[in-house]
Amino acid sequence: MRIVFAGTPTFSLAPLRALHDAGIEIAAVLTQPDRPTGRKGVLTPSPVKLLAEELGIPVLQPEKLRSDLSQLKAVHADIMVTCAYGQILSQETLDLFSGGVWNVHASLLPAYRGAAPIARAIIDGARETGITIMKTDVGLDTGDIFLQKEMNITESDTCGSLTERLSGLGAELIVDAVKKIGRGEAVLRPQVGGFVCKKVSRTEIDFSQNAHTVSALVRGLSPAPLSFGIINGLTLNFYFAEVVEGMKDAPYGTVLSVNPKQGFIVSCGKGAVRLSEIQPSGGKRMTDRDFLNGRKVSEGMRFECVL
């Protein structure tokens, strides 16, 4: 059985490598065109393109797949596996594959259809997420479910760390799925209910929320697009926040500790958080202890958004 693998970001790498290592014939890899990055706008290939070239797999990069199916048609593959490819597939595209198009989706569908399912699960305080292998239709992640496997979300997870773990789980599940599809063992069930989650964007922290909500927001937006706050005229980006117990009561957004032993602790509407990984605007990412050395932030100050 010949397959096409469609993917673009780092999340797609483990599934692609797993399919290759399992001896499944990957006729071509479909990925987004090289994009300009950095201040100089250097054209940069996607992580999936780099891996495909390393594995010796032909790469297809149409700017708009809907209007340029010629290369994909010429592959004559039986099925396509998609994993964060980045373009919506038309019915004409789906019809090219007699064995169907199968998507590796980073949530337990029908929850968290659409963009940013990993970030949204953390931000919402979900205790569990997972991977769904579904048969793609023209809707937005509305296809029938084939396989699912759960994964716990911990208080130490960021979007970055959870993405990495889910990528590994997706690799495991898609190899099992493709083998079962090849044997004609795909048993599907329709989705019932569900909701679509929106893209995430850089967000200013509302410290009037409780500490668990603030911590979840910081972790869900890390390492990108990040949350931030403004204090004493300084804009700070946050990469990690943890809930701290036993701190004194103070108006939300108040700095409770600049002691390097305790860390940079700020009060919330209920409870407090330690903002333990920080990037001052124009500076580098650092621990809160490094940030507190020589910075003009003192106990009793409040973040400007709450004044």
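In strand S14, Leu234 is the bridge partner of Ile231. Strands and helices are taken here as DSSP runs, numbered from the N terminus, with at least two residues (E) for a strand and at least four (H or I) for a helix. The model is a predicted one, in which local features need pLDDT of at least 70, side-chain atom pairs count only at pLDDT 80 or more, and totals for chains, interfaces and linings use all residues. Residues are numbered from 1 along each chain as its sequence is written, and side-chain values use heavy atoms, with hydrogens and water left out.

Strand S13 (residues 227-231) and strand S14 (residues 234-244) run antiparallel and are joined by 5 bridges; two strands are considered paired if DSSP finds at least two bridges between them. The two strands form a hairpin with 2 residues between them, and in the turn Asn232 has a positive phi of about 55°. Of the 5 residues of S13, 4 are buried, which leaves the strand mostly covered. Buried denotes under 20% relative accessible area, exposed over 50%, and partly exposed the range in between, with a 1.4 Å probe and protein chains only.

S13 also pairs with strand S12 (residues 203-204), in the parallel sense and over 2 bridges. Glu204 stands opposite Phe228 of S13. Between S12 and S13 the chain passes through helix H7 (residues 211-220), giving a right-handed β-α-β crossover; with the strands pointing away from the viewer, the path from the first strand over the helix to the second runs clockwise in a right-handed crossover.

Leaving aside residues up to four places away in sequence, Glu304 touches Ile230, Ile231, Asn232 and Gly233, a contact being heavy atoms within 4.5 Å. The C-alpha atoms of Glu304 and Gly233 lie 8.0 Å apart, although the two residues are separated by 71 residues in sequence. Glu304 counts as partly exposed because its relative accessibility is 37%.

For the chain as a whole, 8 helices and 18 strands are assigned. The C-alpha atoms fill a box of roughly 65 × 45 × 30 Å along the principal axes. Buried residues account for 47% of the 307 residues. Among contacts between residues at least 6 apart in sequence, 65% join residues at least 24 apart.
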